[in-house]
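Trainee: I'd like to learn how to read a helix and the aromatic rings around it. Could you walk me through it?

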Amino acid sequence: MHPLFVANWKMNMTGSAVRDYATSFRNAFTARDGNVIDAVFAPPYTAIAAVADALGSTPGVAVGAQNVHWLDSGPHTGEISPVMLRELGVRYAIVGHSERRQVYGETDEFVSRRAKNAIKHNIRPIVCVGEALYFEHDNDAASGIVREQLRGSLKGLNDEEAKLLVVAYEPVWAIGTGRAATPDIVARVHHTVRSVLRDLFDATGQSVPILYGGSTTPDNISAIMLQKDVNGALVGSTSLKPDEFAELIKRGRSAQQ
Ligand code: PGA
């Protein structure tokens with residue numbers, strides 16, 4: 001499967017900072033094959049138009065968002081609709097990131113509804129799952145939690161819809177901590193994720209990309225990408241540095257060649 005690398009800028013970067021970022025990224029990045037997406041940028045909503053303008057036509061690059069609503073319009077202060085995102089050229093949307101689950105009370109049910117409506121509008125949802133800090137040292141419990149979260153977060157999606165699905169495994173204890181999961185943990189949990197996807201969606205489940213996220217850098221990406229069922233990465237802080245993000249993509253891709 002062609003590896004996918006998603007930049008999650010979180011609440012960082014302004015529209016005016018995008019131009020310099022884009023110039024550096026384009027200088028450092030080469031698309032593997034212009035017809036497939038290697039890199040997705042998920043900026044804050046206010047910078048989406050700037051990213052679409054500066055990077056949207058770069059081969060191998062697509063524009064993303066950090067959330068998407070389950071309805072197309074209505075009285076939902078502070079939310080964003082897939083119709084609005086499509087108008088800006090958005091093709092991917094992160095849903096159920098642990099920061100949203102933990103701080104803003106996002107539930108599996110809401111995540112599944114967001115994913116379903118994204119797909120309806122031809123936006124690929126990147127559904128995030130991952131165990132909390134507490135489970136850092138208990139791999140079996142981690143796999144069990146991820147299995148349940150994933151089933152809840154994908155409820156109501158059918159095989160056809162799953163063709164647009166992307167899943168990200170992000171252990172909460174590895175996010176922004178500088179302590180990425182070991183390749184062994186990544187391999188074990190990704191194996192669980194793959195088996196749930198096959199259970200839910202049969203053959204389609206085999207081709208859903210599974211990304212790893214949590215403190216990835218150019219130095220640790222190769223060992224992670226060498227594990228079975230790792231099809232890319234969801235990258236936070238490293239993605240704020242254009243040269244480092246391009247280098248992470250390069251090394252991550254070559255680990256799988
Ligand atoms: P990090 O964030 O790479 O900074 O750990 C990953 C994420 O939260 O998606």
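**Rings and a helix**

Mentor: Let's start with two residues: F41 and F245 are both buried. Keep in mind that this is a predicted model.

Trainee: Okay, now the helix. How many residues does α1 have, and how far does it reach?

Mentor: Helix α1 covers residues 15-28, which makes 14 residues, and spans 21 Å from first C-alpha to last, close to the 20 Å expected. There is also a bend of about 25° at Y21.

Trainee: Which residues of α1 are buried?

Mentor: Here's the general idea: an α-helix has 3.6 residues a turn, so residues three or four places apart point the same way. In this helix, the buried ones are V18, Y21, A22 and F25. They pack against β2 (39-42), α2 (45-55), β3 (61-65) and α10 (242-255).

Trainee: And how many aromatic pairs are there?

Mentor: Ten, counting rings whose centres lie within 6.5 Å. Take F25 and F41: their ring centres are 5.0 Å apart and their planes sit at 90°, so this pair is edge-to-face. F25 belongs to helix α1 and F41 to strand β2, so the pair ties together parts 16 residues apart in sequence. F25 and F41 are both buried.

Trainee: What about the rings of F41 and F245?

Mentor: Their centres are 5.6 Å apart with planes at 75°, so that pair is edge-to-face. It links distant parts of the chain, since F41 is in strand β2 and F245 in helix α10, 204 residues apart.

Trainee: Which residues do ring pairs link into a cluster?

Mentor: W9, Y21, F25, F29, F41 and F245.

Definitions and conventions: Residues numbered from 1 in each chain as written. Predicted model: local features only at pLDDT ≥ 70, side-chain atom pairs only at ≥ 80, totals over all residues. Heavy atoms only, no water. Helix = DSSP H or I, 4+ residues; strand = E, 2+ residues; numbered from the N terminus. Expected span 1.5 Å × (residues − 1). Bend = angle between axes of the 7 residues up to and from the residue. Buried < 20%, exposed > 50% of the residue type's maximum accessible area, 1.4 Å probe, protein only. Contact = heavy atoms within 4.5 Å. Phe/Tyr/Trp six-rings, centres within 6.5 Å; stacked < 30°, edge-to-face > 60°.
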